[in-house]
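Biologist: Please take a close look at the surroundings of the ligand and describe them in one connected account.

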Amino acid sequence: MLRNLLIYLSKAEWMRKTVMEWGIVRKVALRFVAGETLVEAIEVVKQLNKAGMIATLDQLGEDTDSEEIARSTGEHIIRILNTIEKSGVKSNLSLKLNQIGLSLDYDLCVEILEDILKHAQSLGNFVRIDMEDSTCVNKTIRIYQLMRDKGYDNVGMVMQSYLYRCEEDTRVLLDQGCTIRLVKGAYKEPAHIAYPKKSDVDHNFLHVMKILLEASLKEEAPTLSEDGKWPAIPAAGTHDGNIINFTKEYATKIGLPKNKLEIQLLFGIRRDLQESLVKEGYPVRIYVPFGTEWYPYFMRRLAERPANIWFFISNLFKK
Ligand SMILES: Cc1cc2nc3c(=O)[nH]c(=O)nc-3n(C[C@H](O)[C@H](O)[C@H](O)COP(=O)(O)OP(=O)(O)OC[C@H]3O[C@@H](n4cnc5c(N)ncnc54)[C@H](O)[C@@H]3O)c2cc1C
């Protein structure tokens, strides 16, 4: 109930306007966001690198409703790639296709993504396409495949274990040499598309994770690059201790080296776990979101964990 309400509010324009004008909310939201500017975000990535972690930078933003904004977002993303290169931080980049116009104009989105991938390729960097709600899945996979056909191999995908189609899509993408971040899924989906029960979502995650880990055993499967930019095939994108333990144990059981998988966590969540994974020698990539459009991202983080709401409310009353 509460999760559904928060996900609904994450898309409500009236709520966004009200909340974003409230300075104190911004302060709390920044627990999950690495600042509002690229300079701040790069500083965060430097600290993460010092702590033995790599990163994927994400300029926050969701549905874009004008060609002008889609194009300027594309230009910003290219600037992020340049700044990663100049600063020498160990980071690649994540983006959402709706930021660059997916629901506005398919061809425009393709054009902007190609510019981004071309630029990333010239810098030897990698771009992960985040997965959005289920209405975007077919189009996102189609665009990914188009980019591969055009010769861009510096691009990877995200699969969501709450979707019934997750395994099937994963197998198709693996056949095409795709690297995949597996997550549970952060949107509200109907029961005919996604498992309503959390235990089924978790179970499917383990099932698909096994497929990914086995795919990474193949000799030709990539290893994580030294500069942290190019990933291995499987990335477990989760804070769930049980799933992470399973991933580590299964990888050990099948003899998969640590640099043939990644564990990815969101900035500001389960720092204890992030640090202990580094100590154990696992590649840990932190998803580092930044920018002024933090509202929907913040609301989805509240929806994931009711305790965050109490954290949020208690901070509102602190001086
Ligand atoms: C690197 C990364 C990238 C992602 N990319 C996408 C994407 O492209 N598309 C998409 O739909 N979803 C994405 N997600 C979000 C994902 O789908 C889940 O909504 C989110 O990760 C919460 O699920 P969980 O796997 O951590 O497990 P859960 O079962 O939700 O949580 C397990 C435990 O993790 C901790 N935890 C989880 N969430 C929070 C939180 N918000 N605050 C504090 N503690 C928390 C708690 O201790 C909780 O008990 C991504 C997640 C990660 C980590």
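Modeller: In this predicted model, the shell around the ligand draws on two domains, with at least three residues from domain 1 (1-32 + 294-319) and at least three from domain 2 (36-292). In total, 25 residues surround the ligand. The closest of them are Lys184, Gly185, Lys198, Thr238 and Glu304. By residue class, the shell divides into 9 nonpolar, 7 polar and 9 charged residues.

Several elements of secondary structure take part. Strand S4 (155-160), strand S5 (180-183), strand S7 (262-266) and helix H12 (295-304) each supply at least two residues of the shell. Strand S7 gives the largest share, namely 3 residues.

Individual atoms of the protein can also be paired with atoms of the ligand. Lysine 184, listed among the closest residues, places a polar side-chain atom 2.6 Å from an oxygen atom of the ligand. Glutamine 160 likewise has a polar side-chain atom 2.9 Å from an oxygen atom of the ligand. At methionine 131, by contrast, the backbone is involved: one of its N or O atoms lies 2.8 Å from a nitrogen atom of the ligand.

The space that the ligand takes up is the largest pocket.

Methods: Residues numbered from 1 in each chain as written. Predicted model: local features only at pLDDT ≥ 70, side-chain atom pairs only at ≥ 80, totals over all residues. Heavy atoms only, no water. Near = heavy atom within 4 Å. Polar contact = N/O pair within 3.5 Å; in protein donor to acceptor, adjacent residues only side chain to side chain. 1 Å grid on protein atoms, 1.4 Å probe; cavity = no way out; pocket = protein on both sides within 12 Å on 5 of 7 lines; lining within 4 Å. Sits in = over half its atoms within 2 Å of the grid points. Helix = DSSP H or I, 4+ residues; strand = E, 2+ residues; numbered from the N terminus. Nonpolar A, V, L, I, M, F, W, Y, C, P; charged D, E, K, R; others polar. Domains from an automatic or database assignment.
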